[in-house]
Each structure stands twice: as C-alpha cells, then as structure tokens.
Amino acid sequence: MEAVPLTYESVVDRVRTGILTAKGVSPTGEEITDATMFWPTGNPDQPTLAFDSLDFLQLIVSLEEKYGWVIPDTEIDVNDCQTVGDLAQLVLKNVNGTS
C-alpha cells in the first residue's frame, strides 16, 4: 500500500493541534492560522504565539514523535520559520520530499 502524501492543510492542522497541546489550551484553534507568527514581533496588532526557541524545539520534537516526521536539525532555522505556514512547508519539504 502506498502512503498518501501529506497536504499543506493537513500539516497546518497537525501543527495547530501540536501548538494547542504544547500551550495547554483546549483544542479549538480557530484563531491559529497558517499566518500566525511563532515569535513576538513588537507590533501589538500582530497576534503571535509568543514562542521562544525552546517552545519551538519542543513543538518540533512532539510533532516528530506523534506523526513519525523527521526534520533534520540542520533544516530548522527559527529565522526562516516565522509562521505556522513556514513550519508546514518545512515539514512537507522533509516528509514528502517537495520544496
């Protein structure tokens, strides 16, 4: 049986669930979109998750453990991975082999 490739939307949903679990919030998540920023921006009008680097790495590890994803440490750059969508693209690149 051939594995079905992940879609961008399914990865965003799984990342959203991982964020809600990591932050200890009940899993509704409608306010977390692919454009939601991980890091504080200094702009009070820009909603963020207020992650620090440890929060981000814990999220990556939990997603890898839960879904069997492998994201090499050399691919993880917090400067390039600013939003939930950026992380979804990183997952797709490494899991599906797409860019």
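A residue counts as buried when its relative accessible area is under 20%. In this predicted model, Leu90 has a relative accessible area of 11% and is therefore buried. Leu90 belongs to helix H3, which spans residues 84–95. Beyond its neighbours within four places in sequence, Leu90 is in contact with Ile71, Glu75 and Ile76. Ile71 lies 19 residues from Leu90 along the chain, and the two C-alpha atoms are 7.8 Å apart.

The largest nonpolar core comprises 25 residues, and those with the most contacts inside it are Ile19, Phe38, Phe56 and Leu87. At least two residues of this core come from each of helix H1 (8–22), helix H2 (53–67) and H3. H3 provides the largest share, six residues. In soluble globular proteins, nonpolar side chains tend to be buried together. With neighbours within four places in sequence set aside, the contacts of Phe56 are Phe38, Trp39, Phe51, Ile76, Val78, Cys81 and Leu87.

Five aromatic pairs were counted. One of them, Phe38 with Trp39, is tilted, with 6.1 Å centre to centre and 55° between the planes. Ring pairs join Phe38, Trp39, Phe51 and Phe56 into a cluster.

Terms used
Residues are numbered from 1 along each chain as its sequence is written. This is a predicted model: local features need pLDDT of at least 70, side-chain atom pairs count only at pLDDT 80 or more; totals for chains, interfaces and linings use all residues. Side-chain values use heavy atoms; hydrogens and water are left out. Helices (H or I, at least four residues) and strands (E, at least two) are DSSP runs, numbered from the N terminus. Buried means under 20% relative accessible area, exposed over 50%, partly exposed in between (1.4 Å probe, protein chains only). Contact means heavy atoms within 4.5 Å. A nonpolar core is a set of buried Ala, Val, Leu, Ile, Met, Phe, Trp, Tyr and Cys residues joined through side-chain atoms within 4.5 Å. Rings of Phe, Tyr and Trp (its six-membered ring) pair if their centres lie within 6.5 Å; planes under 30 degrees apart count as stacked, over 60 as edge-to-face and the rest as tilted.
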